[in-house]
Amino acid sequence: MTRDSVQGALPQASVAESLAVLTDVLIPNVAKGVLIRRPRIVGMAERLGLDRRAVQRLQQLNEKYGRGPLMLQVPGEKTMALVLDPDHVNRVLDQSPAPFATAEQAKRSALAHFEPDMALVSHGRERAERRRFNEAVLHSECPVHGLGERFVTVAREEVDELLHATRQQGDTLDWAAFFETWSRVVRRVVLGDTARDDHALTEALGKLRAAGNWGFMHPGRDRLRDALHERLRRYLKRAEPGSLAAEVARVPISETTQPGHQVTQWLFAFDPAGMATFRTLALLAAHPEAARRARREAASLERQTTPELPYLRACVLESLRLWPTTPMLLRQSTETTLWENGAMPADTSLLILAPYFHRDERHLASANRFDPDLWLKPEAAGAWPLIPFSGGSGICPGRRLVLLVTSTVLASCLSRREFRLDPPSRLLSSKPMPPLLDNYALRFRLDPH
Ligand code: HEM
C-alpha cells in the first residue's frame, strides 16, 4: 500500500463511544486480572455476562464504522486503535514485530514486575534471540516435544494420585484440588521432580503476577523478584533430566538470552492451560457424545507412550476459543502504517479482542456452540481468525507443549472415571455456551465408568 493509494482518514470513534469501549471492554478485562485472575471478579463477570457485552460493543462499532481500524479517543498523548477486520488481524499478527511490535507499552509495564527480558516484551535483536531460544527449548514445531514421553508419565502419575485422593473427598473434584495437581505437573515438567512440592515458588510467582496486574501503578516487589530468580537459577543449574531445565542447558545462549526470564514465563503461562483443561472437563461432561469420542481416544494412552490425541487437543482448543485465556492481543506500531482508508500514526497501541472474532455469530455458524471439529477441519473457519495462541511470528511457542500436557491430563482423567458436573445444570449442551465460564466455581462428581 502506498501513500497515494490511501485516501481519507481512519474512522474515529466519538468520545462517548471511546468511553464505552473503556467501560465495556478494557476495564472488565483488566479487573478480571491480566496476569493472574481475581476469582471473585471472574465470578461476577460470568454472572453479569460482561464478556458478551464487550463483543456486542465491538459489533456495534463495526456495523457503524465498517472494517476500521477504528481510532479511539484516549486521554493524553497515547493513540489507540481497535482492529475489527479479519484481514487486518492477519496483517497485524503476520507483520509482528515490525511494524507491529509485540513489546506493547501496557504489557511491558505489567511483565516488568518479574520478567522484563522475556521475548514478548523485547524488541529488535534481543527479541529475535529470545524467540529463538524459546522455540528451541519448547520444540515449537514438534507436535510432541522430544521429552514428551516423560511429560506423559508425569501427567499420568499426578492424575492417578489426584483421583485416588478424590475417593477421600466423597468422589468430588473442585478447582483447588485440581489446581494443586496441575501446579505439580507444571513444576515437574519445567524444573524437574525436585520442584514437585515447591509450592512456595508458585506462591512467590503468584504474588509478583498480582503486582503485575496493576502495571505501573504498583511500586514492585524487588526483593521477592530477586529471590524468585535466584531460586530458578538453582533449578536451572541442576538441569534435571527429563525437564525443560535440562533442555535449557543443551541450547546455546548468548549474553542477551536471559533464560531465567523465559523460564518464568513458562511457569506463569502454564497456569491458564490448567484453566482451559478444567473447562474442557466441564464441556465434555455437558456433551455426552463428545465425551464418548474423547474416551475412545483416551484409551490409546494404555497402548502408546505418547499418543497425539487430536480430538482431545481440539476440545482444549475449543475451550480456548469459547473462553480465551489471553482475550486481548496488543501490538504497538513502530512507524506510520498505511491502511485502505487512511494512515495510522507510529506508537499506536492496536487492540485485537479475540472473543470478538471467536464468538461472532454473524460469521461463524458454531460461534456459541462447542464444536471441536472446527479445529479438525480448519477449512470450516477458513481465514477467519481463531487466535487463542495468537498467530504469525509471535504465535505462542508453547502451544504444542500445552496441547500435549492438557490432552494427556484429560485422557488420564477420562480413561479412569466418569466426570459429571455438579450441579448438572452448570453447563447444558442444549443452550448456547455462556460468554464466560468461571473455572473457580466448577465442581465435578466422579463415578466409575
Ligand atoms: C493455555 C495456555 C496458553 C495460551 C492460551 C497461550 C497463549 C499465548 C498468546 C496469545 C501469546 C501471544 C501474546 C501476545 O501476542 O500478546 C503467547 C505468547 C507466548 N507464550 Fe503462550 N500460551 C499458553 C501457554 C504457554 C506455555 C505453557 C508456554 C511455555 C511453556 C508459553 C510460552 C509463550 C511465550 C514464550 C510467548 C512469547 C512469544 C513471543 O513473544 O514471541 N505459553 N502465548
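Cys315 counts as buried at 0% relative accessibility, where buried means under 20% relative accessible area, exposed over 50% and partly exposed in between, with a 1.4 Å probe and protein chains only. This is a predicted model, in which local features need pLDDT of at least 70 and side-chain atom pairs count only at pLDDT 80 or more, while totals for chains, interfaces and linings use all residues. Residues are numbered from 1 along each chain as its sequence is written, and side-chain values use heavy atoms, with hydrogens and water left out.

**Cysteines**
- The structure holds 0 disulfides, a disulfide being a pair of cysteine sulfur atoms within 2.5 Å.
- The closest cysteine sulfur to that of Cys315 belongs to Cys413, and at 13 Å it is too far for a bond.
- Cys396 has a relative accessible area of 26% and is therefore partly exposed.

**The iron atom**
- Cys396 (SG), 2.3 Å away, is the single protein donor to the iron atom of the ligand.
- Donors are N, O and S atoms within 2.8 Å of the metal (3.2 Å for Na, K and Ca); water is not among the atoms, so sites may look incomplete.

**The shell around the ligand**
- The ligand is surrounded by 24 residues, and the closest are Lys107, Arg127, Arg131, Arg331 and Cys396; a residue is near a molecule if one of its heavy atoms lies within 4 Å of it.
- An N or O atom in the side chain of Arg131 is 2.6 Å from an oxygen atom of the ligand.
- For Arg127, the distance from a side-chain N or O atom to a ligand oxygen atom is 2.8 Å.

Conventions. A polar contact is a pair of N or O atoms within 3.5 Å; within protein, one must be able to donate a hydrogen and the other to accept it, and residues adjacent in sequence count only if both atoms are side-chain atoms.
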